[in-house]
Amino acid sequence: MRPREARRTVIANNKAWESAQVVRRDWLRELFARKAAPKGAAIFVAAEVAQGDHDLRRAMESGNALASTLLGLSDAGGGYGYYSGRPSPIAEAARSSSAARATMLALALVLAAYEDGTSRDSWRNPTPATRRYFAQLRDWGYALADVEQLVLTDDATKDTTDAPQGAGDAVDVNEQGAPEGEEDSEAAALG
């Protein structure tokens, strides 16, 4: 793929990712509002907690605000966590919930952590955790957008990942590695 075409693909897919994120988060809200977790949720949660990927650890260390938001739990004051002495709104909800709801809350913690770890770069460079996340969403009935499907495709984006973001047309360079028409400053100073 030529650099200009690759750049157009990156721009289009980045925009598509942003749109898909809105739909995906709405779907997650609906999932978390159900009375029962989907089939295999407890197994998925246990496996992901045991795996302990970066996005999950980071979310747990920072309070996983996205999980609270997607669950519709208020955290008006913010700042809950180890040093604040304030409990997480999800922890409070879990303490007073049924076993089925507690499973859903645990699922929300894991899925929101992975969701929060996604970015416009995820379609080009998915982590193993991001791949597992999108595969599980798909298995539970979420219809992946075309750009989200790229997360699960091994080599669909090889041509676009080679082009740096923001790259336009190729620029010819001189022997010193500077763009044509510009002299290397050190060579110019030595004159």
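**Entry 1: helix 6 and helix 7**

I looked up how helix 6 (residues 99–116) and helix 7 (residues 128–139) pack, and found an angle of about 120° with the axes 10 Å apart. Axes here are lines fitted to C-alpha atoms, for helices over the stretch in contact, with angles from 0 to 180 degrees between N-to-C directions. Helices are DSSP runs (H or I, at least four residues), numbered from the N terminus. The model is predicted: local features need pLDDT of at least 70, side-chain atom pairs count only at pLDDT 80 or more, and totals for chains, interfaces and linings use all residues. Residues are numbered from 1 along each chain as its sequence is written, and side-chain values use heavy atoms, with hydrogens and water left out.

I noted that helix 6 and helix 7 are therefore oblique to each other; angles under 35 degrees count as roughly parallel, over 145 as roughly antiparallel, 65 to 115 as roughly perpendicular and the rest as oblique. Helix 6 passes helix 7 in a left-handed crossing, a term for a near helix turned anticlockwise from the far one by less than a right angle. From helix 6, Leu111, Tyr114 and Glu115 make the contact (heavy atoms within 4.5 Å) with Ala129, Arg132, Tyr133 and Leu137 of helix 7. I recorded the classes of this contact as 5 nonpolar, no polar and 2 charged residues. Ala, Val, Leu, Ile, Met, Phe, Trp, Tyr, Cys and Pro count as nonpolar, Asp, Glu, Lys and Arg as charged, and the others, Gly among them, as polar.

**Entry 2: helix 7 itself**

Just after helix 7, I found glycine 141 with a positive phi of about 105°.

**Entry 3: aspartate 53**

I located aspartate 53 in the loop between helix 2 and helix 3. Aspartate 53 is buried, at a relative accessible area of 18%. Leaving out residues up to four places away in sequence, I found that aspartate 53 touches Glu48, Tyr114, Ala129 and Arg132.

**Entry 4: helix 1 and helix 6**

I then turned to helix 1 and helix 6, whose axes come within 10 Å and cross at roughly 170°. These two helices are therefore roughly antiparallel to each other, and their crossing is left-handed.

Conventions: Buried means under 20% relative accessible area, exposed over 50%, partly exposed in between (1.4 Å probe, protein chains only).
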